Amino acid sequence: ITLLVVQTLAIASGAIPLYYIARHVLRNFSPLWSLGMSIFYLANPGVHAMNLYEFHMYPFVIPLTLWWWWSVEKGKLLRAVFLFILILLVRDDAAIMMAGAGLLLLLFPRASFARKPQRLVGIAIIAVSIPWLLGMEKLGLSLSPYNVPK
């Protein structure tokens with residue numbers, strides 16, 4: 001039960017960075033729009049379904065990713081790197097999502113970063129995520145008694 005409570009709190013904590021991201025993106029609109037985004041996140045049946053029955057590690061990736069994206073939006077590179085490492089440590093397949101986020105940074109620069117450094121950050125995220133995924137899958141396969149990487 002304790003693990004389920006911790007998981008619930010972790011999932012719910014994702015509403016905070018989502019509010020800040022929405023507030024930043026929708027800065028020309030009322031703050032109620034940002035609050036509505038957070039409420040929709042908390043009311044989303046998919047979010048609730050992750051929390052049913054048993055403890056999983058993947059729900060921890062969601063708030064960490066939202067905090068990572070908020071760090072990117074604000075141009076906080078050191079915080080973004082720290083959260084990126086935490087995301088990779090939660091689950092190995094989160095590297096696929098982070099490689100996609102790196103591709104987004106590479107193709108669509110944000111105003112908070114200068115264009116060139118942000119592209120370098122995107123390349124660095126991709127360059128770390130893909131080998132991390134492949135290495136963790138290989139490590140999991142070598143340590144698995146059932147010959148499966150998970």
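A residue is called buried when its relative accessible area is under 20%, exposed when that area is over 50%, and partly exposed in between (1.4 Å probe, protein chains only). The structure is a predicted model, in which local features need pLDDT of at least 70 and side-chain atom pairs count only at pLDDT 80 or more, while totals for chains, interfaces and linings use all residues. Residues are numbered from 1 along each chain as its sequence is written, and side-chain values use heavy atoms, with hydrogens and water left out.

Let us start with the overall picture. The protein chain has eight helices and zero strands, where a helix is a DSSP run of H or I with at least four residues, a strand is a run of E with at least two, and numbering begins at the N terminus. Along the principal axes, the C-alpha atoms fill a box of roughly 55 × 45 × 20 Å. Of the 150 residues in the protein chain, 34% are buried.

Buried in α7 are Ala94, Ala95, Met98, Ala99, Ala101, Gly102 and Leu105. These residues lie on the same side of α7 because they cover an arc of only 160° around the axis, the arc being that of the directions from the helix axis to the C-beta atoms. On the other side of α7, Ile96 and Leu107 are exposed.
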